[in-house]
Amino acid sequence: MTSASDAQMIENRTFDELAVGDSASLSHTVTQQDIDLFAVVSGDVNPAHMDPAYAKTDMFHRIIAHGMLGASLISTVLGTELPGPGTIYLGQDLRFLRPVSIGDTITTSVTVAEKHPEKGNLVLDCRCLNQNGELVISGVAHVRAPTEKVRRQRIELPDVRLSRHERFHALLAATEGLEPAVTAVAHPCDANAIGAAVEAAHAGLITPILVGPKAKILKAAEAAKVDISAFRLVDAPHSVAAAAAAVALVRDGEAALLMKGSLHTDELLHAVLAPDSGLGTGRRLSHVYLIDAPGYPRPLLLTDAAVNIAPDLDQKRDIVQNAVDLAHIIGIEKPRVAVLSAVETVNSKLRSTVDAAALCKMAERGQITGAFVDGPLAFDNAISPEAAAEKGIVSNVAGCADILVAPDLEAGNMLAKQLTFLGGADAAGIVLGARVPIILTSRADSERTRIASCAVAALIAHRKKSAAP
């Protein structure tokens, strides 16, 4: 009988301990993550392994694992079981007989076929069988067996989380077939800003109107190595004038979206909030991040992390409703809104808990519509069912939030950056509450998140156009 402590050890069998006919085997069930990890390490992104749509047209009509992923299971047996640690791989002959699919359980066995004492070499027959007993890989391995005994603690593998960016891919898929939205881009005067606009144009999401000092825009395009000859350019002497001119294009119906370039966010929003801007709706402007977080099973909206510094209760109502309206547009029929605080109980000395309780009551009385609202909830209780259950919280929001409402800008901004820089999340940002959505991008954004920000805005613009009489 093997004890638990023995199972945590890894031990070899030396050349002298082995005899012809000795064998060892391991079984492994192939998962999507196995295929993704192998592609990341090897760089092999053959669509037969990575693209379900393409795979349906291929000879096997489904995703199949890389052949060498199956072959690596032979290496695992040789390096960990027989002969084990200290083995030197000299050569391998393989025949790939059947495809390996996601969900297949592969049992890999190696059997000593020959011993060559003069160099301590072994020849081993290798076989990989699927769960149906069908041979998928066969071959012969040539190794130099260890001569010294090795028994060591089995190394614990690192935790790995992969993101396939499925939320953002779904966003882009939702924009397919839509006309590009004409977008006033305010002051795109550096390579990053003008590059973001051109990327979105090439993706078919927007038709940019570039607003700002002509000489600076042309210089930025040269630095970014992008061609802007096909785009309309509106000359404006400086960033404040560019913001006003971009807003005027939207007010006059020449543009359906507004996009921040290389000016300060405050400058652009000041122009939007001007009494004569024509973009007001009576609702508070607020920023929403659409977050694609590895390991979280659904899209996650976070608000407000960029506009409202210390919102009061009425402003928080607008912030929540803006996020709820966006959730509806991206396909969440009745989003679950978690109003965050440091604790999950109401404390009169902690304003965020009192505001959270009030927002819940406002939702009950129809002052916030189209969502389930609960709070106060601590972050862990909002996104983890286990954490919510441990605290005894019974709620249709706790543990499965779609929207996180931060108590203030500092908390929201720090949470967003922790998710992106430490948690590997992508975050696409947009400002809501005006007559048109406002696309905010950052120098730190990847191309993927910039495109996703534009995709969200394009969906909103299309929805508004469809709803117009």
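Let's start where two helices meet: the axes of helix H11 (residues 313-329) and helix H16 (residues 447-467) come within 10 Å of each other and cross at roughly 85°. Because of that angle, H11 is roughly perpendicular to H16, a label for angles of 65 to 115 degrees. The axes are lines fitted to C-alpha atoms, for helices over the stretch in contact, and the angles run from 0 to 180 degrees between N-to-C directions. From H11 come Leu326, His328 and Ile329, which meet Val456, Leu459, Ile460 and Arg463 of H16, contact being heavy atoms within 4.5 Å. By class, the residues of this contact divide into five nonpolar, one polar and one charged; Ala, Val, Leu, Ile, Met, Phe, Trp, Tyr, Cys and Pro count as nonpolar, Asp, Glu, Lys and Arg as charged, and the others, Gly among them, as polar.

A word on the model before we go on: it is predicted, with local features needing pLDDT of at least 70 and side-chain atom pairs counting only at pLDDT 80 or more, while totals for chains, interfaces and linings use all residues. Residues are numbered from 1 along each chain as its sequence is written, and side-chain values use heavy atoms, leaving out hydrogens and water. Helices (H or I, at least four residues) and strands (E, at least two) are DSSP runs, numbered from the N terminus.

Now to the annotated region. An unreviewed UniProt entry places the feature "domain: MaoC-like" at residues 26-116; such annotations may be inferred rather than shown by experiment. Over residues 26-116 the chain is 38% helix and 27% strand, with its end C-alpha atoms 25 Å apart. His61 is in the loop between helix H4 (52-57) and H5, and its phi is near 65°, a positive value in a residue other than glycine.

Another cis peptide bond runs from Gly375 to Pro376, with omega near 5°; Pro376 is in strand E15 (residues 372-377). Ala363, in helix H12 (residues 351-364), touches Ile368 and Val373, not counting residues up to four places away in sequence.

What sits over the ring of Phe15? The charged end of Lys115 does, 4.3 Å from the ring centre. Likewise, the charged end of Arg298 sits over the ring of Tyr296, 5.5 Å from its centre. The criterion is NZ of Lys or CZ of Arg within 6 Å of the ring centre and within 35 degrees of the ring normal.

Conventions: Parallel < 35°, antiparallel > 145°, perpendicular 65-115°, else oblique.
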